[in-house]
Amino acid sequence: MSTLSLASLPIRRLAPRDLSACADLSEDRGWPREEHKWGLLLSAGKGYGIDDPDGGLGAACVVTEYGPQEHPALGAIGMVLVAERHARQGIGRRLMRHVMSAMSATPLTLHATPNGLPLYEELGFKVVGRAEMLRGHFVPNWAEVPGTFTRTATAADLPALLRLDEEVFGADRTHIVTRLPSFADQVRVAEEDGRIIGYAAAWPNMDTHVVGPLIARDTPTAMALLASLAAHTDRPLRTDIDVRHGELLTWAKGHGLASIAFNAVMTYGITEMPGDWTRRFAPVTVAAG
């Protein structure tokens with residue numbers, strides 16, 4: 001086994017060909033492999049990693065930028081991982097500082113687990129909110145589901161979805177939204193009088209369908225979208241709901257989803273997330289905002 005320390009090795013940009021190595025790193029830390037998600041992040045974002053002298057990756061993370069390409073309005077950091085054999089050696093801190101330097105003046109955000117929170121606080125990130133992760137088989141009670149009309153999204157809906165998404169998220173996410181039809185198994189819209197008032201996707205992740213993004217005019221619309229996605233899958237659902245949406249959380253828990261974790265929503269360079277949180281119920285994935 002090599003005696004070289006990751007602290008002395010270069011940080012390089014990752015490419016789609018590193019997908020398997022990223023999945024191996026996830027597995028090394030006891031996370032699911034999540035190859036499908038890694039594929040989205042490496043194609044839509046910028047990956048950074050340190051090669052392990054003994055093979056594979058010793059550390060990795062991904063940044064997804066939003067807004068103008070020349071001057072991003074926001075960068076979301078996710079999948080910050082250090083191999084178990086290199087843990088507690090300051091590698092994660094070094095990787096984060098490199099990414100923060102590379103992003104220059106771009107405001108940053110991330111979802112922090114309780115284990116990662118102290119490092120991010122040390123680096124200057126501030127907690128601005130929380131998200132609750134839910135998982136389970138949705139148990140329908142159609143008498144309680146709002147009557148909002150939902151349907152499968154079509155290519156003709158894309159311009160309206162892009163406008164709505166940017167308005168609610170607070171920055172252009174074209175490179176994410178346009179990937180949803182091939183990334184997700186379902187993309188559905190909520191409609192009223194011919195106008196789209198919300199949309200949501202369900203994408204495959206191991207044995208679950210992750211619901212995200214979930215954008216809706218109000219809580220009943222979010223409920224209708226969640227129920228409609230559940231009606232078209234036999235898999236358990238997983239999603240991360242902003243805790244300020246207490247009514248949706250209570251309703252989802254009453255229909256079979258259970259709380260399994262909380263993450264802190266953190267920012268650097270801004271005091272709060274952009275956009276309209278009242279209509280932003282769940283991210284595409286916590287790794288990409």
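Modeller: The largest nonpolar core has 38 residues, and W38, Y66 and Y199 have the most contacts inside it. Helix α2 (residues 35–44) gives the largest share of this core, 5 residues. This is a predicted model, in which local features need pLDDT of at least 70 and side-chain atom pairs count only at pLDDT 80 or more, while totals for chains, interfaces and linings use all residues. Residues are numbered from 1 along each chain as its sequence is written, and side-chain values use heavy atoms, with hydrogens and water left out.

Biologist: What makes a set of residues a nonpolar core?

Modeller: The set must consist of buried Ala, Val, Leu, Ile, Met, Phe, Trp, Tyr and Cys residues joined through side-chain atoms within 4.5 Å. Buried means under 20% relative accessible area, exposed over 50%, and partly exposed in between, with a 1.4 Å probe and protein chains only. Another core, of 26 residues, lies apart from the largest one and includes I50, V63, I91 and L123.

Biologist: Which residues is W38 in contact with, leaving aside its neighbours within four places in sequence?

Modeller: With contact taken as heavy atoms within 4.5 Å, W38 is in contact with L19, C22, A23, S26, R33, V62, M79 and L81.

Biologist: Why is α8 called largely enclosed by the rest of the structure?

Modeller: Because 11 of its 12 residues are buried. Among them are T219, M223, L226 and A230.

Biologist: What makes a space a pocket?

Modeller: On a 1 Å grid over the protein atoms alone, a pocket is an open set of points where a 1.4 Å probe fits, with protein on both sides within 12 Å along at least five of seven lines; lining residues have an atom within 4 Å of a point. The largest pocket holds about 1,100 Å³ of space, a volume being the space filled by probe spheres set on the points. Its lining has 38 residues, with W31, V80, L81, T113 and G116 the closest to its centre. Strand β4 gives the most to this lining, 6 residues.

How values were computed. Helices (H or I, at least four residues) and strands (E, at least two) are DSSP runs, numbered from the N terminus.
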